[in-house]
Amino acid sequence: MFFAKDFIETAEGLIFAVVERGLEGGKALCFLRYVLTPSGWKKVATEQANHLLQQQHPDYLHYSPVLDAHLHAVAVDRVAKHHQPKHRLQQLMQAPRHDAVERDLFRLCELFSQHGLDLAQTGVTGSILVGVQNPDSDIDLVCYGREIFHQCRAITRKLIEQGHLQALNDQDWQQSYDRRSCDLSFDDYVWHERRKNNKAVINGRKFDLNFIDHHASSEAIVYQKCGAVTLQCKVIDDARGFDYPAEFKIDHQQAGSIVSFTATYTGQAVSGERVEVSGMLEQSGQGVKRIVVGSSREAHGEYIKVIQ
């Protein structure tokens, strides 16, 4: 089974990050992240990735009717290696030697474990998953299960209060904001992010907590885009606010929920808050309407922000 945050490697020297649980037409939905060059693995940005596949491997370009989006996909028989965050973390926790990044990861996991977290339900993704981290790399932890994830957030908050971890400083927030290139002001971005308790610093190194619901149903509902929309509404249920995609039930006649495929807006609002949302209105064959934020990977012009 493939889960979001897994990586898959192909024989051509390509590493893709899986973005969706399960398969669509025998293929794992993903996005190209690393390319093997004579000097080693090189990270590629979205435009580079698309251009490279168009030129050299167009068979990995994919249109998903379920997501109504263009992305990448790898057929199961083309997967040379399946990199799984849980396996990688267990391997690193038992390794006799660690580099600087792995040492910080090891210490972080020790702290979580001392506070009662079951490390068997966690993993590590990003550059560490495929061993291509550099001294400046961040740590991307994955929590498998809603309870584990919220426990991890609570422990993170506690460890900051105790001084074992540090909150992000202004420079960290600026770097995080610059990398996101989102449609919020810097102050709005930081206000929303601070309260999520899913980012902190250990030994000067940033880390992120990611949530994967490994019990989620992979029932595919096809939605059609109806056009761009901006409106204000009240959030009435935030239970799936940190899911992928994040979902916020809303009280509005135009749509029943806001769904975000963009990490920036994960956990963005809490039940009872009023938000302004700008995104793409979509409708299912059964007439269910939702607003999607992140209908394209970069989600330009799309946002969720608390206004009250």
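Salt bridges, strands and burial in a predicted model

User: What links Arg146, Asp213, Arg240, Asp243 and Glu247?

Analyst: Arg146, Asp213, Arg240, Asp243 and Glu247 are linked in a network of salt bridges. The model is predicted, and it holds 16 salt bridges.

User: What makes the contact between Asp59 and Arg78 a salt bridge?

Analyst: The closest N and O atoms of Asp59 and Arg78 are 2.9 Å apart. The cut-off is a side-chain nitrogen of Lys or Arg within 4 Å of a carboxyl oxygen of Asp or Glu, so the pair qualifies. Asp59 sits in the loop between helix H1 (46-56) and S5, and Arg78 in the loop between S6 and strand S7 (79-83), so the pair ties together parts that are 19 residues apart in sequence.

User: Why is Asp59 called partly exposed?

Analyst: Asp59 has a relative accessibility of 38%. Buried means under 20% and exposed means over 50%, so Asp59 falls in between. Arg78, with a relative accessible area of 31%, is partly exposed because its value also lies between those cut-offs.

User: How do you know that Lys199 and Glu193 form a salt bridge?

Analyst: Their side chains meet at 2.7 Å, N to O. The limit is 4 Å, so the pair counts. Lys199 is buried, and so is Glu193.

User: What makes Arg290 and Glu282 a salt bridge, and are they buried or exposed?

Analyst: The closest N and O atoms of Arg290 and Glu282 are 3.0 Å apart, which is within the 4 Å limit. Both residues are buried.

User: Why is strand S11 described as largely enclosed?

Analyst: Eight of the eight residues of S11 (residues 205-212) are buried, so the strand is largely enclosed by the rest of the structure. Arg205, Phe207, Leu209 and Phe211 point one way, Lys206, Asp208, Asn210 and Ile212 point the other way, and all are buried.

User: What makes S5 and S6 a pair?

Analyst: Two strands pair if there are at least two bridges between them, and S5 and S6 (residues 69-75) have four, so they count as paired. The pairing is antiparallel, and His62 stands opposite Leu71 in S6. The two strands form a hairpin with four residues between them, and Asp68 in the turn has a positive phi of about 50°.

User: How do you know that S9 and S10 each pair with S11?

Analyst: Six bridges join S9 (residues 139-144) to S11, and these strands run parallel. Val142 stands opposite Asn210 in S11. S10 (residues 199-202) and S11 pair in the antiparallel sense over four bridges, with Lys199 opposite Asp208. At least two bridges are needed, so both pairs meet the cut-off. S10 and S11 also form a hairpin with two residues between them, where Asn203 in the turn has a positive phi of about 55°.

User: Why are S8 and S10 called edge strands of the four-stranded sheet?

Analyst: This open sheet has the order S8-S9-S11-S10, with mixed pairing. S8 (122-125) and S10 each have a single partner strand, so one side of each is left without a neighbour in the sheet. Neighbouring strands of this sheet are turned by 35° against each other on average, direction ignored.

Definitions and conventions:
Residues numbered from 1 in each chain as written. Predicted model: local features only at pLDDT ≥ 70, side-chain atom pairs only at ≥ 80, totals over all residues. Heavy atoms only, no water. Buried < 20%, exposed > 50% of the residue type's maximum accessible area, 1.4 Å probe, protein only. Axes fitted to C-alpha atoms, helices over the stretch in contact; angles between N-to-C directions.
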